[in-house]
Amino acid sequence: MRRNWSGSMSRIGGALSTLFLAGQLTAQGSSGTIAVTVTSTASTPIEAVQVQIVGTNLGGITNGAGVATIRNVPAGEQTVRVIRVGYTEQKKTTTVVAGQTANVSFSMADAAVTLSPVVTTATGVQRRIEIGNATANVDVSVVVKDSPVGSLSDVLNSRAAGVTVTTGTQTGTGSRIRVRGVNSISLDNEPIWIIDGVRMTSNNGSFTTATGNGAGGNTGGNNASRTGDLNPEEIESIEVVKGPSAATLYGTDAANGVIVVTTKRGRAGAPQWNIYGEGGLITDRNNYPTAYTLFGKQTNGAATSPTFCNLQRVATGVCTIDSVAALNIFNEKDLTPLGTGNRWQGGAQVSGGTDAVRYFVSGEREEEIGVLSLPEFERDRFARDGIPLNEWTDRPNAMGRNSIRGNVNTTLSPELDLGLQTNFINLRQRYSLESNSTAGLGSHLFGGPGYRANGNVAVSGLPGPAPRMGYRSWTPGFMWQEKTEQAVKRFIWSANSNWRPSSWLSNRFTVGQDYTARTDDNLLVRGDGPPLGATTRLGSRGINSVGIQ
């Protein structure tokens, strides 16, 4: 049997069209439109205001002219609400007539309030306008959330006007900080540090161990800094007090500026937990120079002989270049002393309390291994000759730190507040000798001849030959056999009270201590190390324990 489906479909389509038109006419007959205009108290149109019909899902956002049109609003009495950040919320009631447009106008007042900034000084908290010093503020709690921060120097770098931070190149090394440049040619130019009201030890270059190679009490370049001991995750804010007038508050030592550190405090309420962690790899992306050697013939009358040339000989015509040797040790996979470092950090914080007693407790563990790594050709030599490979020879630059903090604040009465801040730091770090150290990496890495076949290291008693492979006198396997390490146990505490017996009298008392127990350790095992002299490879050990407060 055959049926005419086209005729049936036409009848169905006509029925649906009739129903759609009927529904549309019914909707139009029971709804209207609301046109909303929003301006400021200065009669300026406000854009991006959220407009909502209360009790419905209808709404919109104002355009550049401050206008939003909302259609198909049910007829009857409707409440219109407007909201925008920085302005006070408003509501108005209007009557919607079916098929007509209701006009509603709003004039929104500013809701944002500019607070008077305050600065923590030696005499207490003051409004910025009341002090005669130029100050720069860094909100550390925000910085550590939004930026990759590994140390306190990273927090200050490029975040405070007039403050210059020159960071070290090894893991765990300190930074040189200058507030408004250099103030003295011969005296110390470092600013002083105040943490929670007490003076903090901040000396840079805190090494006193005489190394076995006779380099003296440092690594020959980068050194430890006590400001690097602090954990940025525990700091709320940093204020930099600049200019000579800072000495009025903190004494003549403050002529180079003052860096005031305020750690986190608890706030009244339920316990708030903050658990964090990070991990990553460290690489050196610098471009380092290539070493070159010029070869040619030196003219001596009619005779010539092969020799090396230098620019002076070439310029005077004494030597004629016929070849050039070039070697960039950093670009050779088996020669480079640079590898891939790594770091990880994990910690937990909890804060809370009541209006009477508030607390903040924090604990963290951080470990980092720098990019310096024993080259492949040295690993092969150690394995071939059966030489023990110590941890500090394999990775000479590393750091591990534990930090525990507990802060308690209490309000005994409307007139009396008490506070106690404590911080314990346990730190161990080791460094590579470098730069100005005779046994360091710098002079032997950058002073090479520009080719691999430059002989062996002249050391008697080695199980096999030790080729220089383009290094000047000796290779990292010799210089990194010497361990340069520092261990620190540090306890910083402060207690303060604020007593306000009357509206015209306020008293503030602060007491505290920064105690550091530091051990500088240098170890060179007999038969190890570079051939600096007749007694160098006989072995040496230097331990120096220092207590600073």
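These legends walk through a few close-up views of one predicted model.

Local features here need pLDDT of at least 70 and side-chain atom pairs count only at pLDDT 80 or more, while totals for chains, interfaces and linings use all residues. Residues are numbered from 1 along each chain as its sequence is written, and side-chain values use heavy atoms, with hydrogens and water left out.

**View 1. Here is the largest pocket, lined by 42 residues.** Gly168, Thr169, Gln170, Thr171 and Thr173 lie nearest its centre. A pocket is an open set of points on a 1 Å grid where a 1.4 Å probe fits, with protein on both sides within 12 Å along at least five of seven lines; lining residues have an atom within 4 Å of a point. The volume is about 1,100 Å³, meaning the space filled by probe spheres set on the points.

View 2. By class, the lining has 12 nonpolar, 22 polar and 8 charged residues; Gly counts as polar, and Asp, Glu, Lys and Arg as charged.

**View 3. A disulfide joins Cys309 to Cys319.** The S to S distance is 1.5 Å, and a disulfide is a pair of cysteine sulfur atoms within 2.5 Å. The structure holds 1 disulfide.

**View 4. Arg178 forms a salt bridge with Glu190.** The closest N and O atoms are 2.9 Å apart; the term needs a side-chain nitrogen of Lys or Arg within 4 Å of a carboxyl oxygen of Asp or Glu. The structure holds 27 salt bridges.
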